[in-house]
Structures are given as structure tokens and as C-alpha cells.
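Me: I've got this one open on my screen and want to go through it piece by piece. Can you take some questions?

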Amino acid sequence: MSGRTFAQKALERASGETDLAPGRIVDAFPDLYMSHTASWRCIRTLERMGWPDLYDVDRIAMVMDHIAPADTAKTAGYHALCRDFARKAGVTTFYDVNAGIAHVVLMERGHVKPGELIIGTDSHSTIYGALGAFGTGVGYSEITATWVTGKLWMKVPESIRVEVDGPLARGTYAKDVMLRLIGDIGADGATYCSVEFRGSYVEAMSVSERMTLCNLAMEMGAKNAFVPPDATTLAYLDEAGADRGSYEVLLPDPDAVYRQVERVDGRTLGAQVAVPHTVDNVVPVTAVAGTKVDQVFIGSCANAKYDDLAIAADVLAGKTVAPGVRLIVTPASSRIMERAAREGIVSTLLAAGATLTNPGCGACAGVGGAMADGEVTFSTANRNFRGRMGSYDSGIYLGSPATAAATAVRGVISDPQELLT
Amino acid sequence: MRARGRCWTFGDNIPTDRLVKTRYVVEPMEVIVRHVLEDLNPRFPVEVAPGDVVVAGRHFGQSSGRAIAVKALRATGVGCVVAETFARTFLRNAFEVGLPVLELPGVTGLVSDGDVLSVDVAAGTFRNETTGAEREVPPPDAFLLEMLRAGGLIALTRERPELFA
């Protein structure tokens, strides 16, 4: 048998099987089962099953991020159900409405480790590949079944290797690389596939940028994404409190077989924008520069990490948001917000006229930040489907935090190069 | 796992956000079901009948992995979804909740909206009764068919606990 990809190795580890070729279906035992606000559906499903014994309560992780804090009595009831269940069942990895977006919270607090198989009730669970884990989205009753049985069916995916060389041009970031790639191969270009990122740019990236890469891989249909763990990863894990003895780094073999290899040349890439209403409708920022916007949203698991807020603050420092434009900033987690406050970033954003909200999914999950008919938002999130932020007759453009901040200052879509100091 | 009924056609890359809009996600199913795919075809949630077949292009059910989207489609009475390809979260969720689905490359060239179709997912057979066109593809894995037959993953864990021991 030829060399194995990361996906083959990770699923062999999780299933105890050997020589897994793409296409094989196995029973895999995930290391962590993440459920967000949809946890209430998992709990209701468990009740319908008669609440059988749980396989391993320490593998359950719940984060109340999607509608946080509750907006109605009904969602407050769902949160209460989750809190009550966590207490009764002994779920210790439970983060309430104050913590932030599940993916980011779990990664920054040492719950996600290299080589692990992690399932989540969220399609952007591909993000865990930023730390060398196999993260993938599943349905809520699949999470419930795994709570009980400890295992879930998994098909071994084919793999795509993506090479990104750098350094990136000024004003260009991981978001621009991913938008270009999604634009090139399409929204279904990596469907059912594991995507492995390589190249000089990837090696030089922070974990935060790697999260953006792996998060956005979902928008080309990927099952999971992967950045090979290195010294940067291990330093991040140390800080997150993950004991080095508690995980094993899995790397693909040099002669592993890939379905295809894609290349993005970061050195010549400028800022990119996904225009309404699909994520693969991507153009250079210069093609849509001057488009008037009503609102700018800096948030989501794609781009509301500390680095993202710092870049936005860099652009916004000493400037103000254009008249008539609303700038909403939603930090990904409470830790990120706390650091942003400590380092003066919160002050810069507020002085520029931003509305700062509590950490969480916020407007990306449809909570706050809705648009009226005919309005336009420039967003750092990962989706721009019609009606995702309010009116069906509104439009969402996607881009990097730098492009978003430059757009907020000018009131029209703008190339961040022109405003970066 | 057999469906026979009217064909409802949809395009490529239909997101789950269109199947169940975010604002309906936490509503009861009797509310949700009245709005499934309404933006793309307002007649669909009103006129869809048990056994009808949804035919879509590439990457059906992309975007959010919300299983409620599949549940809502099943609740309309749709007997089967046939697509050129599915988004992987939608495909998983279909087996999870017991909605028969079939990947059939080229299907969009074989149907017009309103044709009468018969589909047998377990056999991998597709027939357009209006035009006479027929196709056959390898059926899904036996384990997945078992899950569909039981009515989804949770139903299967109850019915066949030994599979999960």
C-alpha cells in the first residue's frame, strides 16, 4: 500500500482499523463531541431514547454560542435545558452564553488536540484542522447516538492538497487566499474530501490564520481540513493548557496519494471579495471597489479572532466609520475580547464608532445586525447566502477584516492597501 | 424506500438556509413545513404531495449542517431527493433522519418540473414515467440502507441495539 494521507491515518487511529482506502466506511470513535446551542435537540433526542447510559461523558463538550444571550423566552428555555442536563449528566466541558463561539473557545482552552477525531453539530467543525485534528460536522441525532454508543460511521475521504506560497502581498490575508481558492474550484470543489494545506505561507502562519483556512474549507464542500502541526501549533497548545503527553501528532506520508493538488500564489494575490449571493462568486476587491454599503460586520468563527480585531483596529486607528454606516464588531470569544480590551483595541474600535457586541456567533447566526430591504453588508463571516442577515432583498459581500475596516471608513468597498499604515 | 410522484426541480448549490430559514429554525415543525423552499418556488410547500420527488443539481443542501432542513423536507411528505451530488452534511443528515436520497449524475437532463417519477433507492433505479427515461446507479452502502429502512439513526439504535454495542 502506498503512503497514507492525514485523513487515512486519523480514521485508522479512531477506528482501530488498518490499511483504510478512500471510500471505506468504518465505525470511528471520536475523541470529542461538540454541540452548540443545538444541544437542546440532542438532549430531547436522548430523552426520547429513554436516557440510556452515556459512553463517556468527558468527551461531551457544549457551548451556548448561537443565540447568546437568549433573545426570547423559548431560547432561554433551551439554554436552561442544556445547563440542567450538563449538571445532571456531569458534563464538565460546558461553556455558557458568556464564552463565545464554540470552535474558538474549545481550541483556545485546550480541548482540541492534534490527531484527534472531533465531531460537531456545526458544518464549520473543519476548523479543528488548524491544530492538526480531524474535525467534521454531523447532525444532532448523530451526536446523541455517539453520546450513547461512542461511535459513528465515517467514510474515508479522498484528499486534496492545497499549496499556498508566500509571503502574502500587503493587505492580503488568509481570508483572501481562501476566497480565491473557493472561487477557483467552486462551492463543491472539495465535496467529501479532506483538504491538506501546505506551503511556505502556511508554515509561516499563526494558528489564528490557520483557523481561517480550515474554517473556510467547508465552503468548498470539504469534510475536514488539515494544517500539519509544527512548533507554532505546539506553542499554541502549550498556552491553551493541552499537555504534550496527551496527544500524538499525525502527519501524512510523503508519498501519500492526493486526488488533486491546487496552488494559490499568495505573493501576487491582492484582497479578494465574495459578492452576493454565493461564497464562490469571488472577484478581486478592485472589481467591486466603490460599492456603497450600509453595514460592516466583523465577526464569526472565520474572522473575529484576536489578530483579526487587531488588523481592523490598525486600519480604523484615528479614523471614524463613514456617516450612515453601522460597524458591528463581535469578538469570537470572551478571552479574545478581554485581550482586545487590555491592548487598547476595544478603545480604538469604539472611538471609530463601532458597535461592540458580546462574544458569540452574533449576526452570522442571524442574531442582531439584520438588514432592511435593499441594504448591503460587508462581512468577515463565511457565508453570504440570500436572507442570511435579515431581508431576502439584501446583499452580503465577504472579505478580510482589513477590507471590512477599510470599507467601514470609506462607506464603500475599498482596498485595504490604501488605508494600511 | 420507493417513491412515486410529481417531480419538483431545483438548481445547483441550494443551501439549507433556503430549506429552513434561520428565523424558522426554532419554530415547531408544523410552522417550518409551510415555508420549505418557499423563496425558490412558493408553490412547493403548498402543493407538494406524499411520494413526490425533489430533483436538484450539484451540491444540494450546501451551507449550514442543520439537520432540521432534512427533517423539514421529510415532513413535507417528499418520498425521495435525487441530485447530481449532495453536500456531505446534507447526505449524512438524510440517512440520520431517514429521508431517502439518491445521487444520480446527469439527472437534471432527464426531468422537467411536473414529470411523474418513480425511484427505488435500495435498488438504485430511477424512471421518468412521463418520458420513459431510465437509469440505474449503485445503491448506497447496505448499512446506510438499513438506517433508512429503520427510519433513521435513532430508530436503528432502538431496533438493532446489537449494531451499536
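Me: Start with strand β3 of chain A. How does β3(A) pair with β4(A), and over how many bridges?
Reply: Strand β3(A), residues 60–63, pairs with β4(A) in the parallel sense, over three bridges. Bear in mind that this is a predicted model.

Me: Which residue of β4(A) is the bridge partner of A61(A)?
Reply: T93(A) is the bridge partner of A61(A).

Me: What sheet are they in, and in what order do the strands run?
Reply: An open sheet of five strands in chain A, ordered β4-β3-β2-β5-β6, with parallel pairing. Neighbouring strands in this sheet are turned by 15° against each other on average, ignoring direction.

Me: Which strands stand at the edges?
Reply: β4 (93–95) and β6 (134–137) of chain A. Each has a single partner strand, so one side of each has no neighbour in the sheet.

Me: Now chain B. What is the strand order in the open sheet of seven there?
Reply: The order is β4-β3-β2-β1-β5-β6-β7 in chain B, and the pairing is mixed. The edge strands, each pairing on one side only, are β4 (101–103) and β7 (134–136) of chain B.

Me: What joins β1(B) to β2(B)?
Reply: Three bridges, with the two strands running parallel; β1(B) covers residues 2–9 and β2(B) covers 53–56. T9(B) has V55(B) in β2(B) as its bridge partner.

Me: Back to chain A. Is helix α8(A) enclosed or open?
Reply: Helix α8(A), residues 207–217, is largely enclosed by the rest of the structure, because eleven of its eleven residues are buried.

Me: How many residues of β9(A) are buried?
Reply: Four of the five, so β9(A) is also largely enclosed by the rest of the structure.

Me: And which strands is β9(A) joined to?
Reply: Five bridges join β9(A) to β8(A), residues 159–165, and the two run parallel. E163(A) stands opposite R198(A) in that pair. The chain gets from β8(A) to β9(A) through α6(A), in a right-handed β-α-β crossover. β9(A) is also joined to β10(A), in parallel, by three bridges. There V195(A) stands opposite A225(A).

Me: Different topic. In the largest nonpolar core, which residues touch the most other members?
Reply: V195(A), A217(A), C80(B), V81(B) and V82(B), out of 199 residues in that core. Helix α11(A), residues 306–316, gives the most to this core, with seven residues.

Me: What is V81(B) in contact with, leaving aside its neighbours within four places in sequence?
Reply: V54(B), A56(B), F60(B), L73(B), L99(B) and V101(B).

Me: Last one. How many residues of chain A are in contact with chain B?
Reply: 31 residues of chain A are in contact with 31 of chain B. The elements giving two or more residues to the chain A side are α3 (73–89) and α5 (140–149) of chain A. α5(A) gives the most, with seven residues.

Me: How do the residues on that side divide into nonpolar, polar and charged?
Reply: The side of chain A that touches chain B has eleven nonpolar, 13 polar and seven charged residues.

Definitions and conventions: Residues numbered from 1 in each chain as written. Chains lettered and ligands numbered in written order. Predicted model: local features only at pLDDT ≥ 70, side-chain atom pairs only at ≥ 80, totals over all residues. Core = buried A, V, L, I, M, F, W, Y, C linked by C-beta atoms within 7 Å. Buried ≥ 20, exposed ≤ 12 C-beta atoms within 10 Å, placed from the backbone. Contact = placed C-beta atoms within 7 Å. Nonpolar A, V, L, I, M, F, W, Y, C, P; charged D, E, K, R; others polar. Pairing = 2+ DSSP bridges. Axes fitted to C-alpha atoms, helices over the stretch in contact; angles between N-to-C directions. Right-handed = clockwise from strand over helix to strand, strands pointing away.
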